[in-house]
Amino acid sequence: MQHEGNPLPKNRKKETERLAQDSIIQIHDLVYTYRHREEEINLPAINGISLDVERGSFTAVIGRNGSGKSTLAKSINALVLPTSGSVIVDGFKTDEEAHLWDVRQRVGMVFQNPDNQLVSAIVEDDVAFGPENLGINPDEIRTRIRIALESVDMYEHRKMAPHLLSGGQKQRIAIAGVLAMHPDIVIFDEPTAMLDPGGRKEVLDIMKQLHEEGITVVLITHFMEETIHCDRIVILDKGRVAIEGSPVEIFARTEEIEALGLRLPFAVEIAAGLRAHGIHVPQDILDTDGLVKYIVSESDTEMKRSKA
Ligand code: ADP
Ligand code: MG
């Protein structure tokens, strides 16, 4: 599907519903081994992953360093091709050369360091870079730049030099550059790792917004708090899927998560501590806000009871 014309389609969500239960990414028995100098023995970076990602879903991928997260991301947009197994994006196999651009156009990538993703001296030129490479006509490019910059709330900064922007703003420009290509899927590979809490929130809010607009979002992150509102969490370990499930399912498995070398979200850790002391906390409380509200309401009830 070639996206002609204008705005980031607001009707994507409808289309998404129509195509419900449709896997936009299908990964089957994927193995990927980096090739080094001959004498070295390599373990596969990806060692037998099968995974489907629903169109329009928001998936978080977590796992300790070296577990294969970035390699998985690169496999989805055909930056690396399967050693064995297959990756199919919106019906196109990543290793069929004739469809390389069909895959690349559908999958946008946002990386950790915004400085490495910005190539131009002016914000709007940066956003134009991708569409220009697609050979899109100048009128259409101008429209795309405006809409992409508006959707990350950076249109008024369009004439600025990227190096004068904050980390969060630079990352939003990088995201605008990806959106200007009209991707169906955006993969964020630790997009907030180099940002301060303010910048982190800006980028997180944009990811949520893109998801609401119907874009399929895959978020690779070290920050557990960023995963609690996703549809699904996939935990990688040594190039394999160790656990997957909804945030509530995943974070009920506290011991397994810790055994995989991962921290729990702060509120989940506190809730687990409270439970260990015999205090009941519902399993679906994953964020501090929810936990505070629960404790306040329980202690209110307690106080009323002791007064009565
Ligand atoms: P993560 O993103 O989870 O930290 P990666 O996908 O970057 O994991 O890496 C998975 C494994 O592949 C690691 O053992 C890593 O050392 C190895 N690896 C990653 N990139 C390369 C590369 N360009 N060449 C060789 N080995 C690599
Ligand atoms: Mg990585």
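Predicted model: local features only at pLDDT ≥ 70, side-chain atom pairs only at ≥ 80, totals over all residues.

Q: Is Phe92 buried or exposed?
A: Phe92 is buried, at 18% relative accessible area. The reason it gets that label is that buried means under 20%.

Q: What does Phe92 touch, apart from its sequence neighbours?
A: If you skip everything within four places in sequence, Phe92 is in contact with Val87, His99, Asp102, Val103 and Arg106.

Q: And how far is Phe92 from Ile25?
A: Their C-alpha atoms are separated by 9.4 Å, while along the chain Phe92 and Ile25 are 67 residues apart.

Q: OK, what about the backbone? Where does Asp90 sit?
A: Asp90 is in the loop between β4 (84-89) and β5. Its phi is positive, near 50°, and Asp90 isn't a glycine.

Q: Why bring that up?
A: Because most residues other than glycine have a negative phi.

Q: Which other residue has a positive phi although it is not a glycine?
A: Glu190 is one, with a phi of about 50°. You'll find Glu190 in the loop between β7 (185-189) and α7 (197-212). Glu190 also counts as buried, at 10% relative accessibility.

Q: Switching to charges. How many salt bridges are there?
A: The count comes to 16. One of the pairs is Arg55 with Asp22, where the closest N and O atoms are 2.5 Å apart.

Q: Where are those two in the chain?
A: In distant parts of it, 33 residues apart. Arg55 is in the loop between β2 (46-54) and β3 (58-62), and Asp22 is in the loop between α1 (12-18) and β1 (23-32).

Q: Which of them is buried?
A: Arg55 is buried, with a relative accessible area of 17%. Asp22 is partly exposed, at 23%.

Q: What about Asp237 and Lys238?
A: Asp237 forms a salt bridge with Lys238, and their closest N and O atoms are 3.6 Å apart. Asp237 counts as buried, at 14% relative accessibility, whereas Lys238 is exposed, at 62%.

Q: Let's do a helix. Which residues of α4 are buried?
A: Helix α4 covers residues 123-133, and its buried residues are Val123, Glu124, Asp126, Val127, Ala128, Gly130 and Pro131. They pack against α5 (138-151) and α6 (167-179).

Q: What comes just after α4?
A: Gly135, which takes a positive phi of about 75°.

Q: Zooming out, what domains does the chain have?
A: The assignment gives domain 1 (10-264) and domain 2 (265-308). The contact takes 11 residues from domain 1 and 9 residues from domain 2.

Q: How far apart are their C-alpha centres?
A: They lie 35 Å apart.

Q: How much area do the two domains bury between them?
A: About 840 Å², with 73% of it on carbon and sulfur atoms. On the domain 1 side, Ile228, Val248 and Leu264 lose the most area, together 52% of what that side buries.

Q: How many salt bridges are there between domain 1 and domain 2?
A: The count is 1. Glu269 forms a salt bridge with Arg263, with the closest N and O atoms 4.0 Å apart. Across the interface there are also 2 residue pairs in polar contact.

Q: Which helix gives the largest share of the domain 1 side?
A: Helix α8 (residues 247-251), with 3 residues. By class, the domain 1 side that touches domain 2 has 7 nonpolar, 2 polar and 2 charged residues.

Notes:
Residues numbered from 1 in each chain as written. Chains lettered and ligands numbered in written order. Heavy atoms only, no water. Domains from an automatic or database assignment. Contact = heavy atoms within 4.5 Å. Buried area = accessible area lost by both parts, 1.4 Å probe. Salt bridge = Lys/Arg side-chain N within 4 Å of Asp/Glu carboxyl O. Polar contact = N/O pair within 3.5 Å; in protein donor to acceptor, adjacent residues only side chain to side chain. Helix = DSSP H or I, 4+ residues; strand = E, 2+ residues; numbered from the N terminus. Nonpolar A, V, L, I, M, F, W, Y, C, P; charged D, E, K, R; others polar. Buried < 20%, exposed > 50% of the residue type's maximum accessible area, 1.4 Å probe, protein only.
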